[in-house]
Amino acid sequence: MTGLFELLGLGASAELLSLSGWGGNLLRGLANSLQIAFGAFGLGLVIGLFGAYGKLYGGKVTRDLLAIYTTVIRAVPELVLILILYYVGSDIINKISEGLGGGRVEINGVAAGIWVLGVVQGAYATEVLRGAIKAVPVGQIEAAKSYGMPAFMIMRRVTIPAMMSFAVPGLANLWLIATKDTALLAVVGFNELTLETRQAASSTRAYFTFFLAAGFLYLMVTLCSGAVFARIEKWARRGQPSLKGGTR
Amino acid sequence: MKLKALLAAATAAAALTAGAAAAEQVKIGIAAEPYPPFASLDNSGNWVGWEVEVIGAVCAAAELDCVITPVAWDGIIPSLTGQQIDAIMASMSITEERMKTIDFSDPYYNTPAVIVADKSMDIDATPESLAGKIVGIQASTIHQAYAQEYFKDAELKVYQTQDEANQDLFAGRIDATQADSIAMADFVGSDTGSCCEIKGAVADDPAILGRGVGAGVRKGDDALREALNKGIAAILADGTHEKITAKYFTTSIY
Amino acid sequence: MTGLKDLMQPHRIVMMLVFAALVIWCAFALRWDWIPKYAPLALEGLWTTIWILAVSTVLGFLLAVPLGLAQAVGPWYLSIPARTFCTIIRGTPLLLQIWLLYYGLGSLFPQFPWIRSSELWPYLRQAWPYAVLALTLSYAGYEGEVMRGAFSGVAKGQLEAAKSFGMPRFTMFRRIWLPQAVRNVLPTLGGETILQLKATPLVATITVMEIYAVSSRVRADTFIVYEPLLLLALVYMAIAGMIAFAFRRFEKG
């Protein structure tokens, strides 16, 4: 067994992975990844909510534009989108800033990462939320209308709570995609977990040690998120009859 | 849901405004991928190496407030023109082709390009001996441009970083690699590089290989270019350049 | 398919005009003079993308069938490994998997000198086998999960009927179970294949010269940033459109 470990270059793993070794770098990368994933997921939800409402209740032009947005984003590889949005985004922001007479704006890596992944997430979130809103029985919304509730209050008090249970599984999936897509930012040189891993691996030549360690960290994130989302789903379904049927 | 959406909106807004602060700082772009012994990350997350020290010395001499900003190498010129960074100091050679897009300061180091291959391999740095061989090169470098021009009969494999090419040379997936002599001297002296040796320098072509490594700046950004020139001249004159070089190399690289 | 009448609504005509103006502006204001020089390379790259996509989806699907079956009805010593495999593949980024396979395995070669003298070496030293392997395993991981649901979804009554006819287990699987499960997943298969297409550019990071790598080369050689990326996005959209169209035809026919 030790022989195998030596062969795989895992011999000095414990030392390499300790916090004073390269373990700290990996954890810092993980923190960056999670920060971006959170931000992108949040931005995606905001875009998705507006997008879903636009697709369902918007005018013809809004609907067509949103259809183009979701189709394009879902057909082009994330890697290509990230490169385009990364360069276009900073160009546009600088042009606007110069146009307003301000100096150029500095865009840090985290903000850029959130922006590019958020735009990608938004397209998927639009579809998830649109489906969820459509699944809310029309009668509930009509009842709220007949009570004279303003549109925003209907959204806040009726539509969103009622659609939650339909949206959670899709959103859980989106969150997992967000965490994994942060790895793509390694290609534009952002120091998230995957790039930190590659730097550590190539500095120490212990490729297996570090790639396996990073894989383990990603897997932990996935599994923990799975547990959290399962609780959220249970909470969102409170008061609803069980889908599984029967008693357990 | 509401809370989450609000939080998300706040995060997004914060992210967009966060960048606006910190004027006057000069962002020096280096390659995010390690390039020892010039620039690499140590295990506490700091950038170290010859070039990193030179950047510090040049900025101090030119009285610039510099921050080192890692950017993906193959997107480093777009990052400069797109204003994500203000200058490139990433072992970038001054070439005609790049001068069409960006300006350069005076050179701060200069080394020849060499071919490295397995010790048992009987080749030298000529196009004839590399014909039919697999040659690994780093993307967007003078070496890629040179190999595409001169080693037309070789199979070229393009890597994002020289480090990956070195790794594949060690693994035997490529027969040879063309790169900078100093970086390669460092590599063949290391454990993984013990397989290989420097087979010789390639025939010079100044039009492609350029005339030394300089700091790249946006076209027309003469203030910064001149400040950097001043800094480079100062560290060359007062011996700082030499002192840093002595820490890493046995011979002068200017 | 949207009919001509749908397209001829006033707002859509305006949008199409705006789009046409944008295309014309792109054609004249941006630089496209590099295209003739790189066209042969781009075609080669396109071909590489397509065959890697085709091979990895077909192999991946063939692997997904036993994975799904093992999870749906297999004994614990088959279902646990199958489920673990799917969880790991789905829980880690593909980029990391690709790098682990390519550079991780690569770091082992020098320790086993006999590998280099083996007959497999000419393949092992190239990048595409790793690309195909990584993409195949990835597709199998995602599709294996889908197949699990598909196998569980086949009505039990049909299987019992077949059993009562005295049909051998394998014939039952081949004639009833598999065809129905495949029909269950067919609507999702097009989408999964498009997702797989979107994963292919990642193999450019291990030196496979597919279409994305060609566009990177153009960017590196010419310092033109947007134009190759825009064209690349267009190419992927065209391929994705064709995949969607083909699967829709396939589903109907």
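Which strands of chain B does helix H10 (residues 222-237) lie across? That's where I'd like to start today. The answer is S1, strand S5 (87-88), S6 and S12, and H10(B) runs at about 5 degrees to S6(B).

Quick housekeeping. We're looking at a predicted model, where local features need pLDDT of at least 70 and side-chain atom pairs count only at pLDDT 80 or more, while totals for chains, interfaces and linings use all residues. Residues are numbered from 1 along each chain as its sequence is written, and chains are lettered from A and ligands numbered from 1 in the order in which they are written.

Some terms, too. Helices (H or I, at least four residues) and strands (E, at least two) are DSSP runs, numbered from the N terminus. Strands pair if DSSP finds at least two bridges between them. Contact means C-beta atoms, placed from the backbone, within 7 Å. Angles run from 0 to 180 degrees between N-to-C directions, with axes fitted to C-alpha atoms, for helices over the stretch in contact.

Okay, the sheet in chain B. It's open, with five strands in the order S4-S1-S5-S12-S6 and mixed pairing. S4 (66-71) and S6 (102-109) of chain B are at the edges with a single partner strand each, so one side of each has no neighbour in the sheet.

Most residues other than glycine have a negative phi, and most peptide bonds are trans. In chain B, the bond from Pro36(B) to Pro37(B) is cis, omega near 0 degrees, and Pro37(B) sits in the loop between S1 and strand S2 (40-41). Ser91(B) has a positive phi, near 55 degrees, in the loop between S5 and helix H4 (96-99) of chain B.

Over in chain C, Phe223(C) has phi near 65 degrees and lies in the loop between helix H11 (211-222) and H12. Phe223(C) is partly exposed, because it has 16 C-beta neighbours inside 10 Å.

How values were computed: Contact = placed C-beta atoms within 7 Å. Buried ≥ 20, exposed ≤ 12 C-beta atoms within 10 Å, placed from the backbone.
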